[in-house]
Structure formats: C-alpha cells, structure tokens
Amino acid sequence: MLKIVDLHHRYNFKEVLKGINVEIKRGEVFVLIGPTGAGKTTLLRIIDQLEYPTSGRVYFDGKEILTSPGLRLKIRRRMAMVFQKPVVFNATVFDNVAYPLKVRGYRRKDILQKVDKMLEMVELKGYEKRNARKLSGGEIQRIALAQAIISDPQVLLLDEPTANLDPLSIDLIEKLILDFNKKQGATIVMATHDMSQGERLADRMGVLMEGKLIQVGSPREIFYNPKNVQVAQFTTRNNILKGVVSQNENGITYVDVEGKIIEGVSSFQAGERVYVCIKPEDITLSLSKSRTSARNLFPARINLMSFSGPLVEVELRCPFPLLALITRRSAEEMQLRVGQKVYASFKATAVHIIG
C-alpha cells in the first residue's frame with residue numbers, strides 16, 4: 001500500500017530523516033517507535049503530504065504521490081491523519097465529525113446516518129449538540145478519530161493518538177483502531193512512545209532512531225531479537241552485558257562476562273566482542289543450587305527489590321549486574337529480602353547475542 005524509497009528530509013541544516021526505505025503492506029498495522037526527535041512525526045506528515053521531503057520517493061498503491069498536485073490531492077483524500085494534540089472546530093460534536101463528509105459533497109441524509117453510526121462507535125452518542133472544545137482530552141481524541149475514519153480512508157495515520165490519556169480512553173481508542181483495521185481492511189501507520197501499545201497493536205514495527213530506520217520486523221523480532229545494542233537498550237529493560245566470546249562449539253557460544261561464562265546460541269566466534277542480552281522475565285530465582293535444565297546458573301546476592309502490582313523487580317549481583325522479574329507471589333513464597341543469597345538461572349536460548 002505504501003512504499004518509501006531513499007527518503008531524506010532537512011529542517012534548515014539538520015537532517016531529520018536519513019535514507020528511509022520501507023514497504024507497508026495493505027491492511028496491516030505498522031507501528032513506528034523511537035525516542036523523541038527521531039523523526040516519527042515528520043515521516044507521518046510526509047506520507048500525508050503535509051510536508052514535502054528534501055529528496056526521495058513515496059508511493060501509494062503503486063503510484064508516486066509527489067509527482068503532480070492533482071494526483072496528490074486525489075491520493076490525500078484516500079488518507080486521514082490523527083495528531084497527538086488534535087484541533088477541533090469551535091462547533092458542535094456533530095459538525096466536527098460531519099465536516100469531512102460535507103467537503104466531499106455528501107447528501108445531508110447520508111451525513112446524518114454516517115455521523116450517527118460513527119458517534120455510536122466512539123461512544124459519544126448523545127453528544128451531538130455539545131461544543132467539542134468543552135469536552136475532555138479523551139473525548140476530543142475520539143472526535144478526532146471519528147472525523148478521520150468517517151470517510152473510510154484506505155490509510156489511517158496516527159501520531160501518538162493516546163498520549164496523556166487515561167487508561168479507559170486508551171483502551172477504547174485502541175479497540176477502535178483495531179476494529180477499523182479488521183472490519184474495513186484499512187492500512188494503519190502509527191507512531192507511539194508506548195512500547196506495550198506497539199506490541200499489542202502492531203503486525204510489524206519499525207524502530208526509528210536519529211532519523212534512520214534501524215530495524216523493521218514483527219513485535220517479537222523487535223523485542224526479543226534486537227538488531228543492535230541501540231535497539232536493545234531502547235525497546236526493553238534487557239540485561240545488556242559486555243563480553244568476549246571465549247569459544248563456540250556447535251552453535252553454543254561461551255561468552256566471558258566479568259570472569260564468568262554465559263552460554264548462548266549464536267554464530268559468533270572466539271575473540272569477538274559482543275553484547276549479551278537477557279530479558280528479566282527469562283531469569284528464574286531459587287534458594288538452592290537445585291537441578292535445572294538451564295545452561296546458565298549463577299550464585300547471586302539481592303541488591304534491591306522493587307514492587308509493582310503483581311510483579312517484583314529484583315536487582316542482583318553475580319558478580320555482573322542482573323535484573324530479574326518475578327511474581328510477587330514467588331517473592332513472598334521464597335521470603336526474598338535485600339542482602340539474601342539466591343541462585344539465578346536462565347536457558348541458553350534466552351540469551352540473545354549481538355555484535
């Protein structure tokens with residue numbers, strides 16, 4: 001549905017997008033993640049033709065959209081965008097949601113039917129005559145979403161659509177996004193800072209850092225197999241440890257980390273400097289050196305425990321630092337406390353090694 005080729009963009013002398021190449025499939029939810037200032041909003045604005053890139057090409061359904069003003073207008077009417085801070089007219093909710101249909105010349109009877117259906121979908125039925133600017137942030141965002149999807153766009157662009165909203169509003173807007181995607185077959189491109197939201201919604205994700213699209217893949221690939229240490233540091237609270245490969249035997253890689261050997265699975269060879277990544281939830285804690293199928297088992301001491309709802313983050317030293325994530329119930333059953341000696345174990349397949 002969308003294809004972006006060697007896209008560059010500058011603001012004055014600063015290059016904010018650097019050689020972006022990506023294809024977004026018809027009907028998929030594609031989520032962009034990256035730190036503030038990475039270029040996510042700029043990329044969305046270029047796709048929506050609100051900005052013209054310094055160089056590069058953008059294709060919509062096989063047609064290059066930057067070639068002529070007439071074609072750009074036709075294609076732009078097949079897309080819609082919702083901003084992080086939506087602007088609504090100083091008018092009724094009905095008039096705000098109906099506006100895209102009015103400018104497209106819909107008959108009043110059809111407008112009434114579609115707006116009525118749309119307000120019911122976004123749970124704003126009965127709000128028709130209320131002033132849109134006097135509603136809450138979550139309600140205004142729902143108006144913006146209704147306004148965007150009422151004309152049935154083929155591509156929906158979303159820039160941080162749930163930023164600073166309450167949990168109930170976030171849940172509702174996420175449901176509306178997925179419903180629109182599944183029922184209408186719309187292609188959705190969304191930028192978000194919320195990692196868990198991206199993991200919930202995305203078919204595929206792209207990691208944008210310093211203007212470059214560093215990695216594209218499924219949520220599992222992004223979070224469990226980061227391409228490099230920058231992606232690993234940004235996407236998760238991975239344990240990221242520096243080490244040197246001491247040997248590799250039939251795909252089992254032995255990495256020396258602060259004098260201890262961590263075993264993982266990779267093709268790295270002896271002498272190579274690498275990073276070892278282990279997700280906190282893949283680490284098991286025990287009170288004794290019991291039998292385990294895990295290839296990695298280390299004595300450790302608890303430095304800190306942080307409770308958050310049903311989970312507990314346990315900071316360990318063994319002698320390298322290690323963060324484990326366990327359930328509160330497990331911590332209570334083992335009667336864990338700061339200063340206590342425990343054993344930390346994890347499987348070789350839980351170890352992701354990157355160069």
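Me: What does the secondary structure of the protein come to?
Reply: The protein has ten helices and 20 strands, where helices (H or I, at least four residues) and strands (E, at least two) are DSSP runs, numbered from the N terminus. This is a predicted model, in which local features need pLDDT of at least 70, side-chain atom pairs count only at pLDDT 80 or more, and totals for chains, interfaces and linings use all residues. Residues are numbered from 1 along each chain as its sequence is written, and side-chain values use heavy atoms, with hydrogens and water left out.

Me: Why is Val-87 called exposed?
Reply: Exposed means over 50% relative accessible area, buried under 20%, and partly exposed in between (1.4 Å probe, protein chains only). Val-87 has a relative accessible area of 70%, and therefore counts as exposed. Val-87 lies in the loop between β6 and α3.

Me: What makes Phe-89 partly exposed?
Reply: The relative accessibility of Phe-89 is 38%, so Phe-89 counts as partly exposed. Phe-89 is placed in the loop between β6 (79–82) and α3 (93–103).

Me: Why is α3 called oblique to α4?
Reply: The axes of α3 and helix α4 (residues 108–121) cross at roughly 125° and come within 10 Å. Angles under 35 degrees count as roughly parallel, over 145 as roughly antiparallel, 65 to 115 as roughly perpendicular and the rest as oblique. Therefore α3 is oblique to α4. Such axes are lines fitted to C-alpha atoms, for helices over the stretch in contact, and angles run from 0 to 180 degrees between N-to-C directions.
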